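Trainee: Before we start, could you take me through this model one question at a time?

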Amino acid sequence: MTILLGSIADDYTGASDLANTLTKNGLRTVQTVGIPDPSLALPDVDAVVVSLKIRSVAAKDAVAAALEAESWLRGRGAGHVLYKICSTFDSTDLGNIGPVTEALLSVSGGHIALVTPAFPETGRTVYLGHLFVNGQPLDESPLKDHPLNPMRDANLARVLTRQSRGKVGLIDLPTVTDGADAVRARLDRLRAEGAAAAIADAVFERDLETLGKAALEMPVSTGASGLGLGLARALLRSGRASASDGENEAIRPVGGLAAVVAGSCSAATLKQLDAAELHMPVLRLDTEKLLAGSDEISAAIAWAGERIGEGPVAIAASAAPEVVSRLQARYGREASGHAVETATAAIAGELVERGVRRLVVAGGETSGATVDRLGIPAFLIGPEIAPGVPLLRTIGTGGNDMLLTLKSGNFGGEDFFATALSMMR
Ligand SMILES: Nc1ncnc2c1ncn2[C@@H]1O[C@H](COP(=O)(O)OP(=O)(O)OP(=O)(O)O)[C@@H](O)[C@H]1O
Ligand SMILES: O=C(O)[C@@H](O)C(=O)CO
């Protein structure tokens, strides 16, 4: 298998979001969970998205895992590697967007990386280096209360500088509007001035097409699905890939029971859970009890067991910012996040043991913990359920295929869970 485009995604929902965008834009794509075992038969594809869980780990661990994935992707022919980050630039001053981008540059012979989280289809735009989420500056959006990485600065050049060794420049919208040659010239100038990364403005898809064209000529770039769209379209226009209509295999029914497990505390997921309560049983976990060691997991499984024969059920750790803050004050941010993820993954694992074959997971860290627990090696990409969220079919699960949906915390409309479940048969 020779691939044209490789990507390393810093979380699993982000990986399926990117895989969805690449598929929609004509590239045959597969999503792997980590570096696949050599015995795993992957389909013939144009792009591979390697899902890692490195958004919220120590920078040195994120760098080591990303470099291993980079080497695997280059070994399979990838001429360009996109480091897929969150469209809301989720990170802290300790990393990991800066350290990973710089490490990828240093092994690939690149000098400067184009960086943009813009993804207009989901309301993420960048103007003069500032990120807007559905029209609100990042630091005024619900992301200011994210449980793991509260985003309190909308100026991405500043955010990236704090976590980078090199300087960070800006490719402003007028330059992007002038086209790919103007972007290349700006990148050359910034590089001559000593910058190792450049935040690129983008408001419309046409801006991302321009950025994709410029980025494709360099070995590495960093961005969200919008940059993936630009790279995919540039590959097709260059004639290096020919459009495939994507839809496939992935939607064949699997039967079995269906469930939702949610660990995202995003505003969108909280609304989706409220809406789900109108048509399916929803169990809200008591996360204070869960962390205090009471047997919430067995209680949740017993609760599900009494209902799931009648139709899908949802189990959620998700809670409002004040509840999350209380738990964090008591146990620490990382420890409480990790403990809740481990619990939600354990619940998902038990549900699958009891016959669940169709599973929706909300939240990137939550999805990572769950998919690892289930030991799924890779996914085929099915149709889009909502912008940034495809239906996924497991590969390499020994004929015991499952359908999954890994929903980024902030994605999807209020009726997302009902819509997803109706597409998973
Ligand atoms: N009630 C709670 N109290 C404290 N932490 C919680 C609670 N519920 C969930 N969490 C933790 O909050 C974090 C949510 O992160 P996750 O990545 O799953 O969602 P997200 O950030 O909204 O999604 P995405 O990364 O796709 O945008 C997880 O670590 C989860 O375990
Ligand atoms: O880019 C996004 O917003 C998502 O794909 C994501 O990474 C959420 O974890």
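This is a predicted model: local features need pLDDT of at least 70, side-chain atom pairs count only at pLDDT 80 or more; totals for chains, interfaces and linings use all residues.

Mentor: Residues are numbered from 1 along each chain as its sequence is written, and chains are lettered from A and ligands numbered from 1 in the order in which they are written.

Trainee: How far apart do the C-alpha centres of domain 1 and domain 2 lie?
Mentor: The domain assignment gives domain 1 (5-237) and domain 2 (249-423); such bounds come from an automatic or database assignment. Between their C-alpha centres the distance is 26 Å.

Trainee: Which element gives the most to the side of domain 1 that touches domain 2?
Mentor: 30 residues of domain 1 are in contact with 30 residues of domain 2, contact being C-beta atoms, placed from the backbone, within 7 Å. On the domain 1 side, α1 and β2 (29-33) give two or more residues; helices (H or I, at least four residues) and strands (E, at least two) are DSSP runs, numbered from the N terminus. With nine residues, the top contributor is α1.

Trainee: Which helix supplies the largest share of the shell around ligand 2?
Mentor: A residue is near a molecule if its C-beta atom, placed from the backbone, lies within 6 Å of it. The residues around ligand 2 include Asp11, Thr13, Gly14, Asp17, Gly388 and Ser408, and the shell draws at least three residues from each of domain 1 and domain 2. Three residues, the largest share, come from helix α1 (residues 12-24).

Trainee: Which helix gives the most to the shell around ligand 1?
Mentor: 28 residues surround ligand 1, and the closest are Ser264, Gly337, Gly363, Gly364 and Gly409. At least two residues of this shell come from each of α12 (321-331), α13 (333-353) and α14 (364-374). The helix that gives the most, four residues, is α13.

Trainee: What does UniProt list for residues 259-417, and how far apart do the end C-alpha atoms of that span lie?
Mentor: The unreviewed UniProt entry lists "domain: Four-carbon acid sugar kinase nucleotide binding" there; such annotations may be inferred rather than shown by experiment. The span is 46% helix and 25% strand, and its end C-alpha atoms are separated by 10 Å.

How values were computed: Two residues are in contact if their C-beta atoms, placed from the backbone, lie within 7 Å.
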